[in-house]
Amino acid sequence: MTSGIGQNVKRKEDKRFITGKGRYTDDHRNDNQAYAAFVRSPHAHAKVLGIDAEEARGMEGVIDVLDGHQLTGDGIGNLICGWAITSKDGSPMNMGAWSALATDTVRYVGDAVAVVIAETNAQARIAAEAVMVDYEELPVVVHAIDALKDGAPQIHDNAPGNLIYDWELGDEAATDAGLAEAAHVTTLDLTNNRLSPNPMEPRSAVATYDHAEDHYTLYTTSQNPHVARLVLSAFYNVAPEHKLRVIAPDVGGGFGAKIYIYPEEITCLWASMKTNRSVKWTSERGEAFLTDMHGRDHVTHAKMGFDKDGRITGFKIDTIANLGAYMSLFSSSVPTYLYAPLMSGQYDIQNIHCNVRAVYTNTVPVDAYRGAGRPEATYLVERMMETAAREMGMDPAELRRRNFVQEFPHQTPVLMQYDAGDFPKILELAQEAADVAGFEERRREAESRGKLRGIGYSTFIEACGLAPSKAAGSLGAGVGLWESAEVRVNPAGTIEILTGSHSHGQGHETTFAQIVAERFGVPVDSVQIVHGDTDKVQFGMGTYGSRSGPVGMSAVVKAMDKVEEKVRQIAAHTLEASEDDIEISGGQVKVKGTDKAMAWHEVGLAAYVAHNLPDGMEPGLKETAFFDPVNFSFPSGAFICEVEVDPDTGQTQVVRFTSADDFGVIVNPMIVEGQVHGGVTQGIGQALLEQVVYDEQGQLLTGSYMDYTMPRAADVPFFDVQHHETPSPNNPLGVKGCGEAGAIGAPPAVINAITDAIGTNDLAMPATPQAVWRALRAAQKPMAAE
Amino acid sequence: MTKVTMKVNGRKVGADVPDQTLLSEFLRENLRLTGTHVGCDTSQCGACAVHVNGKVVKACTALAVSLEGAEVTTIEGVANGELHPMQVAFNDNHGLQCGFCTPGMIMAGIDMVNRYREEGRELDAAAIRHELEGNICRCTGYHNIVKSIQDAAAKM
């Protein structure tokens, strides 16, 4: 088998992308296309006293100007957060109202107040500039800590003190006791910098209302078109589900930012009905910085206690999470259930307590960005381990090793039951590949060139698959987290796989075909993947949280189980053999130990012509399945980063990066390694380059690629990616998911390497040249005073 | 409105366009060559890179009317009956994931290989990374893009 599981099959989808024939949302243009441009608030917090659109209405090409009063008047509902978090005092979270077009108050720069619909994009944007909005400015707060202070500006009436929830997980008394008995306690105050996900394809929507059919079609940049339809229908009242088709065609990266349903899609759908035109909106990059959901933005105070042998006695965390001006779709879950349950890392820790306060500020809403909560947890745990090792004079790898979980399944004190892993093994694998033994020599060589070389570790756990539904529901999720699939064997034997997973760079058209090729022995070219269209695929929860492998592929396997069952029955009947004697391999359905066989396509044909089927069997060969796993999957990894710092400039170069990952069973190593390369680069971006910055007035200072530093090719090295497979017992393929590992594990490895190089633990992300230079100077001060 | 004519992918084309029309808009909206992508508004990302008179140009930085008589090649015009070695290399080396930056990467890659060859300079990995300053990818971490360009350079 050259195309089955574990093979580096080249991507089937590449041809259209390398020839310019990809079909992204903005590439779609309908006859009679009109264009939308949004009128956005220039203020971070203000009352909207009035909107004067008279001049704009009279401008060339303008079809209509619509505002929030019309939108709410037509019954379009407020945007919601779909995961209910309960505060530790039992009170529900305080969700403030968020209208797609603001009616009375704007709460961040970029908040939309009106939309212009015009014949051309340029006409719409020019007219939007002419819409006069009368604002009364209000006081502004941008930092989460400031938002909690007495007298801070109040952003939503129903969230006193800007507090959304005050939530906890774990046993505080036991953790305090664990810390009290510790021989050593390490204390850290860390910020996790605010990021903008920045998929290279800006968000876009093309909405068309068909009056005759009373039916809407939306092309949109979505990671989960069925969820989009569900939310647009059930909560935003745009149209009932059977009157709304959502298509996510080729999507140019997501990283979380395209999970959510944004004001722009809602408004375009509604405007297409109001104007009787197909309405298109495509974000400019500057607009994307102003409106795409941000990620991270935590401030944390934490303590970890160790006994005299370096074993962890307790871990206590107090985090403030900035959720921005409104609660985005899954925002509440990110700093709670996707964060605190990861605090045990790869370690056997008996006592953990995590308290999280989520607050409103006058900034873009914050939601899941690649890793979502898990990078924030991992950054804390892994900086804690490295810092503690240095404080105790221990080798950081040895401190980790002493605390590793050794037996599986392992129950942590923070909800999770780890499925499988071999943490000492992957650490060893990483250390060998990274030639840790030769590091001191490399450090001396760098010193001879005037460079400070450092090495940093990160050994981390993830929770992927985002499931099971029952558990998610008990923790407040408003949706189920299963996946669905349909396997259609056509009469001539070719196969179509309809999946609720969505590929926006992950290569599903290849990897999903590989698992079918493996199972039925058919060529990957005879398997077609259908996804991203609510009219074609029955339902799906979409792609995020590294769930397409563990959940999406598992649903395909379940549907293939049913197909195989029917194939066996048909073959046994036709070949006059027992079902138990039928085997499927190499495109043949055979009777074991005989030369009796049917070609795969002959079985397909037999099922559809139905001339000779077993009594009572329905014709056709098509099965569907829903897969709801029993647990998350838990990929793990060991990253080792080496950096060189120029002490004169603070410039840091990542010169070596080694990852040893346990993703369970790997379907396509080439694609999995590509996911690691990209994820690690985003992690290096967070550690060294990226940060969303607002001034005190809430004006976004990082609104373009001239201000927000994206990792370029020269910022990263080639990566050494190693694998060790311990199959997950929680899904039929044993896969664990790989999409987020790099972004989760890389930031602490990079910062630990820099702090090793410069000899101080006092360094925040992003470690820009200026930040590193200052940290280095501050650390050298006592020496200078001597 | 100004009438502009140019040769795009070997075909003579012309249209009356508003003076402020960018080459990227002209290609995407007038000619419906949607392989040229627009990923930013400040000429940093390079997703719109095309060849104008044999040199790589960011199509979002050029006004269509300033290119009267120019010869333009877009990603759609790169394959000449069969795929260009740079296109093959991106497939062979998994040099793309979501595919959005890919047309610009391929156009920049072809240009840098040709340019270094003409100048007799060695296009090693460090040079490729330096040359990619103007092309941003969010998916691949550049690892396989650099390998793709190295691979294509050996075969072009």
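Which loop of chain A holds A:P766? A:P766 sits in the loop that runs between helix 19 and helix 20 (769-785) of chain A. Keep in mind that this is a predicted model.

## Two cis prolines

A:P766 is worth a look for its backbone: the bond joining A:M765 to A:P766 is a cis peptide bond, with omega about -5°. Another cis bond runs from A:F408 to A:P409, and its omega is near -5°. To find A:P409, go to the loop between helix 11 (396-403) and strand 16 (410-411) of chain A.

## Positive phi without glycine

A:N276 is not a glycine, yet its phi is positive, about 60°. You'll find A:N276 in the loop between helix 8 (263-275) and strand 12 (278-282) of chain A.

A:S546 isn't a glycine either, and here phi is positive at about 50°. The loop in question lies between strand 21 (527-530) and helix 16 (548-575) of chain A. With 31 other C-beta atoms within 10 Å, A:S546 is buried.

The largest nonpolar core takes in 300 residues. Those with the most contacts inside this core are A:A36, A:V115, A:V116, A:V750 and A:I754. As for secondary structure, helix 19 (residues 741-758) of chain A gives the most to the core, with 11 residues.

So who does A:A36 touch, leaving aside neighbours within four places in sequence? Its partners include A:V115, A:I117, A:A124 and A:A271, along with A:T267 and A:C268. A:V279, A:K280 and A:W281 are on the list too.

## How chain A is put together

Chain A is split into domain 1 (27-137 + 201-252 + 258-291), domain 2 (298-466 + 631-785) and domain 3 (482-627). The C-alpha centres of domain 1 and domain 3 of chain A are 40 Å apart, and the two domains do touch: 15 residues of domain 1 are in contact with 13 residues of domain 3.

On the domain 1 side of that contact, helix 7 (225-234) and strand 11 (244-247) of chain A each supply at least two residues. Helix 7 of chain A has the largest share, 4 residues. By class, this side of domain 1 has 8 nonpolar, 4 polar and 3 charged residues.

## How chain B is put together

Chain B divides into domain 1 (2-77) and domain 2 (85-155). Their centres, taken over C-alpha atoms, are separated by 21 Å. Here 15 residues of domain 1 of chain B are in contact with 11 residues of domain 2 of chain B.

Strand 3 (49-52) and strand 4 (55-58) of chain B are the elements giving two or more residues to the domain 1 side. Strand 3 of chain B accounts for the largest share, 3 residues. The class tally for that side is 7 nonpolar, 7 polar and 1 charged.

## Where the chains meet

Between the chains, 41 residues of chain B are in contact with 42 residues of chain A. On the chain B side, helix 2 (85-92), helix 3 (102-119), helix 4 (125-131) and helix 5 (143-155) each supply at least two residues. Helix 2 of chain B gives the most, with 4 residues.

Terms used
Residues are numbered from 1 along each chain as its sequence is written. Chains are lettered from A and ligands numbered from 1 in the order in which they are written. This is a predicted model: local features need pLDDT of at least 70, side-chain atom pairs count only at pLDDT 80 or more; totals for chains, interfaces and linings use all residues. Domain bounds come from an automatic or database domain assignment. Two residues are in contact if their C-beta atoms, placed from the backbone, lie within 7 Å. Ala, Val, Leu, Ile, Met, Phe, Trp, Tyr, Cys and Pro count as nonpolar, Asp, Glu, Lys and Arg as charged, and the others, Gly among them, as polar. A nonpolar core is a set of buried Ala, Val, Leu, Ile, Met, Phe, Trp, Tyr and Cys residues joined through C-beta atoms within 7 Å. A residue is buried if 20 or more other C-beta atoms lie within 10 Å of its own, exposed if 12 or fewer, and partly exposed in between; C-beta atoms are placed from the backbone.
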